[in-house]
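Visitor: Hello! I am new to protein structures, and I would like to learn how to read one. Could you walk me through it?

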Amino acid sequence: MHFVTYEQFGAKGDGVTDDQAAIVAAHAYANEHNLPVRAPADAHYYIGGGSAVAEIMTDTDWGNARFTVDDRKVENNKESIFHVISRHKPITLDMKSLMRGQIDAGVRPGIDCYVVIKENDIRRFIRRGANQNNGSAQTDNFELKANGTVVHPLLWDFPRISEAIAYPIDETPLTVCGGYFTTIANEEPSTYNYYARNIKILRSNTTLMNLHHYVTGEGETGAPYSGFVSIYNCARITVKNCFLSPHKTYVTIGSAGVPVSMGTYDISIGSATDVLFKDCIQIGDILDSSHWGLVGSNFCKNIELDGCVFSRMDAHQGVYNYTIRNTTLGFMGLNAIGSGLLTVENCVLYGGSLICFRSDYGSIWDGDIVIRNVVWHPASGRRTWPCILNSNNDGQHDFGYDCCMPHSVVMENVHVDDANVPEDYTGMFIWNNYNGLLKPETQDSFAEKYPYKPCGRMVIRNLTSTSGKPWKLCANPLLKPVEELIEE
């Protein structure tokens with residue numbers, strides 16, 4: 001036997017019979033005997049509401065086979081369909097402390113690992129707004145060499161580590177390829193009861209390619225999804241030539257007691273480093289505002305999009321180094337919170353701003369930004385007064401860290417299509433009015449409890465617009481968003 005099929009373990013592949021048990025058994029056998037898994041091109045596998053998870057440890061080629069994932073009646077909506085996992089078990093590290101700039105972690109795992117550390121006594125990302133919360137335990141992640149060398153820079157000091165888990169990195173690459181998946185959407189009440197009936201990648205050094213995912217059956221109500229492709233606690237992940245679907249946006253009551261639109265994703269990334277999306281396409285209209293944006297992430301480092309077409313790319317609780325190249329982003333655009341270098345190059349964007357620095361996390365970018373060879377269609381062409389960079393921080397909320405604008409911004413060869421604007425339009429703004437509390441009548445008494453540090457240096461080269469009207473620095477003339485402005 002050179003490969004394993006689901007039919008060898010009783011799968012019918014007729015699109016009616018529940019084949020979940022056979023799929024689980026086939027992968028268990030393939031893992032034990034280190035054999036790849038293949039699916040015949042004419043197969044159609046139905047996956048019902050069972051909670052058994054197929055664990056993938058070997059190369060898997062679904063080819064042109066179809067899969068129907070029925071979410072209408074499930075035993076456990078938090079459980080995945082597939083886990084892509086390592087043969088190595090996680091390791092608990094005996095780490096007492098670790099500080100920014102420290103290269104030697106003081107432990108020797110004996111194998112290269114992806115490490116997640118937490119300090120529960122320190123809270124970060126204390127969210128503000130309709131979905132307000134008490135934040136998250138201070139968290140960081142990095143690759144750790146077998147000899148104890150820290151590869152990725154730490155973002156915080158950890159004087160007293162509460163937890164340190166190492167996930168060994170497999171040296172051999174693993175590939176999961178193909179498959180046409182259709183999710184029949186759940187019919188739950190519209191509450192924050194996230195569904196995770198998905199492919200969850202938990203193994204480093206993995207490639208997912210040529211997969212298609214469709215969504216059908218979305219009705220008047222529904223619970224949100226955490227991502228059909230989910231990437232967690234791993235490094236060196238490539239997702240390429242995949243086609244993914246947005247989910248319908250439903251409204252619920254948020255933690256502040258007011259209605260909120262629920263975030264729901266087809267791709268989610270949590271605590272991961274070195275993740276590349278290459279030539280991935282969103283199925284459907286990227287300007288359709290009835291469906292939520294495609295991608296959400298938390299606690300990540302080195303995320304890159306290259307050659308993609310998505311309605312949204314969003315970093316929630318921080319990303320370090322964020323690269324968007326040769327990509328089109330639709331109506332929800334590019335959202336960023338984090339640090340390091342944010343690069344937007346050779347792109348077309350349609351969001352309400354060219355970059356939105358999320359206000360619910362303090363509009364922080366603790367690093368530098370380069371925007372080069374970009375065309376922006378503000379608000380997807382709807383009438384608006386364009387503001388290229390969107391921040392909102394009035395200095396009244398403690399987010400668990402000092403908030404700042406980018407250290408530097410370079411904009412080069414940027415064109416703004418400001419054809420649809422209000423009648424009194426006099427030209428676009430670089431920055432919006434990010435502090436609405438500062439007004440002529442309040443400026444003498446206004447004080448920031450938690451100061452929002454302005455941008456250090458901004459360089460603008462060849463910023464053009466369809467209207468030809470001159471740009472202005474900020475929508476609020478009382479604000480000074482930039483210490484040094486250079487126009488070349």
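Guide: Gladly! Let us begin with a definition: a cavity is a set of grid points where a 1.4 Å probe fits but cannot get out, and its lining residues have an atom within 4 Å of a point. Please keep in mind that this is a predicted model.

Visitor: What does the probe tell us?

Guide: Rolling a probe the size of a water molecule over the atoms shows where empty space is left. Here, a search of the whole structure turns up one cavity of 30 Å³ or more. The volume of the largest cavity is about 50 Å³.

Visitor: Which residues line the largest cavity?

Guide: Its lining is made up of A185, N186, E218, G222, A223, P224, Y225, H247, K248, Y250 and T264. Sorted by class, five are nonpolar, four polar and two charged.

Visitor: And how should I read a pocket?

Guide: A pocket, unlike a cavity, is an open set of points. The second largest pocket has a volume of about 380 Å³. It is lined by 23 residues, and L155, W156, G338, S339 and D366 are the closest to its centre. By class, this lining has 12 nonpolar, six polar and five charged residues. Strands β9, β21, β23 and β25 each supply at least two of the lining residues.

Visitor: Let us look at one of those strands. Why is β21 described as largely enclosed by the rest of the structure?

Guide: A residue is called buried when its relative accessible area is under 20%. In β21, which covers residues 295–306, nine of the 12 residues are buried, so the strand is largely enclosed by the rest of the structure.

Visitor: Which strands pair with it?

Guide: We can look for bridges. Strand β19 (residues 265–278) runs parallel to β21, and 10 bridges join them; T273, for example, has K301 as its bridge partner in β21. Strand β22 also pairs with β21 in the parallel sense, over three bridges, and there V295 is partnered by M313. Strand β23 is parallel to β21 as well, with six bridges between them; L305 stands opposite I324 in β23.

Visitor: Can we finish with a single residue?

Guide: Let us take V275, which lies in strand β19. V275 counts as buried because its relative accessibility is 1%. Setting aside neighbours within four places in sequence, V275 is in contact with I231, I237, I269, N302, I303 and E304.

Visitor: How many residues separate V275 and K301 in sequence, and how far apart are they in space?

Guide: They are 26 residues apart in sequence, and 8.0 Å apart in space, C-alpha to C-alpha.

Methods:
Residues are numbered from 1 along each chain as its sequence is written. This is a predicted model: local features need pLDDT of at least 70, side-chain atom pairs count only at pLDDT 80 or more; totals for chains, interfaces and linings use all residues. Side-chain values use heavy atoms; hydrogens and water are left out. On a 1 Å grid over the protein atoms alone, a cavity is a set of points where a 1.4 Å probe fits but cannot get out, and a pocket is an open set with protein on both sides within 12 Å along at least five of seven lines; lining residues have an atom within 4 Å of a point. Grid points are joined across faces, edges and corners, and a volume is the space filled by probe spheres set on the points. Ala, Val, Leu, Ile, Met, Phe, Trp, Tyr, Cys and Pro count as nonpolar, Asp, Glu, Lys and Arg as charged, and the others, Gly among them, as polar. Buried means under 20% relative accessible area, exposed over 50%, partly exposed in between (1.4 Å probe, protein chains only). Helices (H or I, at least four residues) and strands (E, at least two) are DSSP runs, numbered from the N terminus. Two strands pair if DSSP finds at least two bridges between them. Contact means heavy atoms within 4.5 Å.
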